[in-house]
Amino acid sequence: MIAELGLAALWLAAALSALQLLASIAGVRKDQGETGLAALVRPAAMLQAGLCALAFAALLYVFAVTDLSVELVARNSHSEKPLVFKLAGAWGNHEGSMLLWVTVMALAGGLIALIERRLPERTMLATLGAQSFVGLGFYAFLLFSSNPFARLNPAPAQGNGLNPLLQDIGLAFHPPTLYFGYVGLSVAFSFAVGALVTRSVTPEFARVMRPWVLGAWIFLTLGITAGSYWAYYELGWGGWWFWDPVENASLMPWLAATALLHSASVLASRDALRAWTIMLGVVAFSMSMVGTFLVRSGILTSVHAFAVDPTRGSFILALLTIYIGGALVLFALRITTVAEGERFSALSREGALVVNNVLLSAVLGIVLLGTLYPLLTEAFGVRVSVGPPYFNPVGAIFFLPMLAVLAIGPLLRWRGDSLGRVRGPVLAIAATAAAVLLAAWLLWDIALLSLLGMALAAAVALGSVLPLRGRNLARLPLPVWGMVVAHLGVAVALFGMAADSAFQEERLIAAGIGDQIEVGPWQAELVSIAPTAGANWTAMEATMVFSYDGGPTRMGAPQSRQFWSPPQQTSEVALITRWNGQLYVALGDETASEGGQPRWQLRLWWKPFVTFIWYGGVLIAFGGLLALIGRVTGDVRRRVAVRKIEQRRTDEALA
Amino acid sequence: MRRLRWSLWLIVALALALFALFAVQLSRPKSDFVQSAMVGQALPPFDLPPAVEAMPGLASTDFADGQPRLLNVFASWCVPCRAEAPQLEQLRRKGAQIVAVAIRDRPEDVAAFLELYGNPFTRIGSDEISAVQLALGSSGVPETFVVDGQGNITYQHIGDIRDRDVPILLDELRRAGTGAAGA
């Protein structure tokens, strides 16, 4: 019954979405504002949000009570699973995650319809129309090819479980985080299309779009950071980024969103980069759609192949072609009629941001090419795989100069600046970078990329706090703090990456009970190995004692886990975290015994400062959050002020 | 302005070309098997100790006697390896010479496996750390390579051998033999 209610709500929401599209087309055409059909657009969007929320609540309910007559529950859940994973199971599969996507999108649309009144109504109608056009495709996808509420008759006695790799609290919240990001970018896309349709690419448009881009960007940053940490501790391979197609699929929208964020700032404060901002709005959403397509269609082979189905792939591909192809055609037709924005000199804040944008786009292009290259060669019958030997150096060619610009850019003034004014701080930054480079080169024998990474990390760290110099910190606007914190986060993450690749030490041995192992500054001892069991798995668990440089001992227990429903083997690594890095221990299989003494494969890594990568990621997201809070409170304050003035005027008129 | 327009349409065309590529690849049947890059090349040099006491081990030099062979990569702990045992036996009866590499295995387990599922092999080398398996470009068990009389890998079969694979493998063996004679 609840499932049918959810399905009915979904159909109604889809119908409302169609109504919203038609009404907004009528509204934009006749330019009639709030009258006639156009008056239906905002209420339709708000009601749709309520209906989608209802449908999603219904899905959560059937998962919570494990209603096995619903096919999706039977396939993905199990009555003995902990409640939190039952709930997470609702979106830990293709259908549920698409419903989540649609729900978040409807909520975002409803919110815009409810509160956003700064733009000309015609632009808003076009925006909400674009939003409903995108939404309709996803409704069709859900209802026609992946209905989450489909029944199963007869109902099975027990469910099929959930992919054990996904039975992890971090991962339960990882896909939704990315979805929030993707949906935020879809809103930015709708705004871009709305502005393009009505030819009103204004600073106001950028200000309205910016919080959505910021929000999306925060979620994407957190999603990538969490995903990277998950792959690090769950896969047991000791790496934190594998240039896997699925990882690239989440990185590409982030790169585009980062560029969009910066170019929207330029548009908002200086009325420049109009066409470029619109283009990036289209590209950012395209990248999230392409990413979704690559992940869902299984067209590329990936270690993350959870929800692969080629027939669904063709549906997403059709959506991709309609939205992105359509938006690009619209862009090509319309953009030449959008007036050119303000001009600026090359040595200015805008100039630095343009360089940042171009380089980010170049990195994006490189990642896209590397990800799709195997697909291209496969069309000609050659199978290749593209990995770090391509991505690291080729990406670095553009990424490292971008970081250099990042260190200096925030010091420059808008519109135009002189070299003389910024000479002091720029020299200080350059001297820091050179000193770190030289010191690292003399002290250690490390690779060029790591050396450059460390030098640039120092430069970016200094460059990110220098804008605070000579300013009253108590009165500094929140968005400036956001910029400082986010840039500092980049430096921290960069330092972590460079230090990890430069100083990591690895040992792979077959150890017997009582064996002593040394890795880097750590001494480890394999004390015992015993079987253990959890709710739906059994494991071999090693008890190990670790000591850093002869210091106090700490315990760790890496496991090699065997899930039985569905059968799958995973590795639970032992992580010993210190301020200066992490010891990473993975237990493998039992190997051939020697004289009756069993031996076990053990992999140990000492990873200096590796944690800084994720601290940096969190800092970047936190900087974004500060900026978002600053922007939103600023908007609210402005709105309250405007309302007060209006109130006073009407009062005066009455008096 | 005109040049800008032109490049804009180029972007549209590129995007559409990309989508067309997606569509083509999506409509093709997908194979997850990665063929070894060693096919068509000489065997990597190796010398493995015997996997069971009663039989000789396996070295790459054993292949240089002018006779084509099947090289089966298996393990006693591998379930599909049990499933392909009758087909290997069938191949042996039809005149194929089969040698094997046992992966990450214990002598007593290999012996028990041969006892239970039959022994079609003339030699079995023990590869305790999968070194030879990786050198062959094999990514799992079971896999079967066709090696000609000069020790060159001419064919790779990934996965267990089914009934329909038996004539294919015999054919490949014959071709490897005649190729050697012609050379």
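Me: In which loop is B:Pro142 found?

Reply: This is a predicted model, in which local features need pLDDT of at least 70, side-chain atom pairs count only at pLDDT 80 or more, and totals for chains, interfaces and linings use all residues. Residues are numbered from 1 along each chain as its sequence is written, while chains are lettered from A and ligands numbered from 1 in the order in which they are written. Helices (H or I, at least four residues) and strands (E, at least two) are DSSP runs, numbered from the N terminus. A cis peptide bond, with omega of about -5°, joins B:Val141 and B:Pro142, and B:Pro142 is found in the loop between α4 (131-136) and β6 of chain B.

Me: Which cis peptide bond is found in chain A, and what is its omega?

Reply: Most peptide bonds are trans. A:Pro154 lies in the loop between α6 (121-145) and α7 of chain A. The cis bond runs from A:Asn153 to A:Pro154, with omega near 0°.

Me: What is the strand order of the open sheet of five strands in chain B?

Reply: Two strands pair if DSSP finds at least two bridges between them. Pairing in this sheet is mixed, and the order is β5-β4-β3-β6-β7. The edge strands, each pairing on one side only, are β5 (123-127) and β7 (153-158) of chain B.

Me: Which residue of β7(B) stands opposite B:Thr144?

Reply: Strand β6 (residues 143-147) of chain B pairs with β7(B) in the antiparallel sense, over five bridges. Opposite B:Thr144 stands B:His157.

Me: Where in chain A is confidence lowest, and where is it highest?

Reply: Confidence is given by pLDDT, the predictor's value for each residue from 0 to 100. Chain A has a mean pLDDT of 88, with 95% of its residues at 70 or more. The lowest mean, 71, belongs to helix α7 (residues 169-172) of chain A, and the highest, 95, to helix α2 (residues 41-64) of chain A.

Me: Why does A:Tyr232 count as buried?

Reply: A residue is buried if 20 or more other C-beta atoms lie within 10 Å of its own, exposed if 12 or fewer, and partly exposed in between, with C-beta atoms placed from the backbone. A:Tyr232 is placed in helix α9 (residues 203-234) of chain A. Leaving aside neighbours within four places in sequence, A:Tyr232 is in contact (C-beta atoms, placed from the backbone, within 7 Å) with A:Gly239 and A:Trp240. A:Tyr232 counts as buried because its C-beta neighbours inside 10 Å number 23.

Me: Where is A:Leu273 placed?

Reply: A:Leu273 has a positive phi of about 60° although it is not a glycine. With 25 C-beta neighbours inside 10 Å, A:Leu273 counts as buried. Its place is in the loop between α10 (245-270) and α11 (274-297) of chain A.

Note on methods
Contact = placed C-beta atoms within 7 Å.
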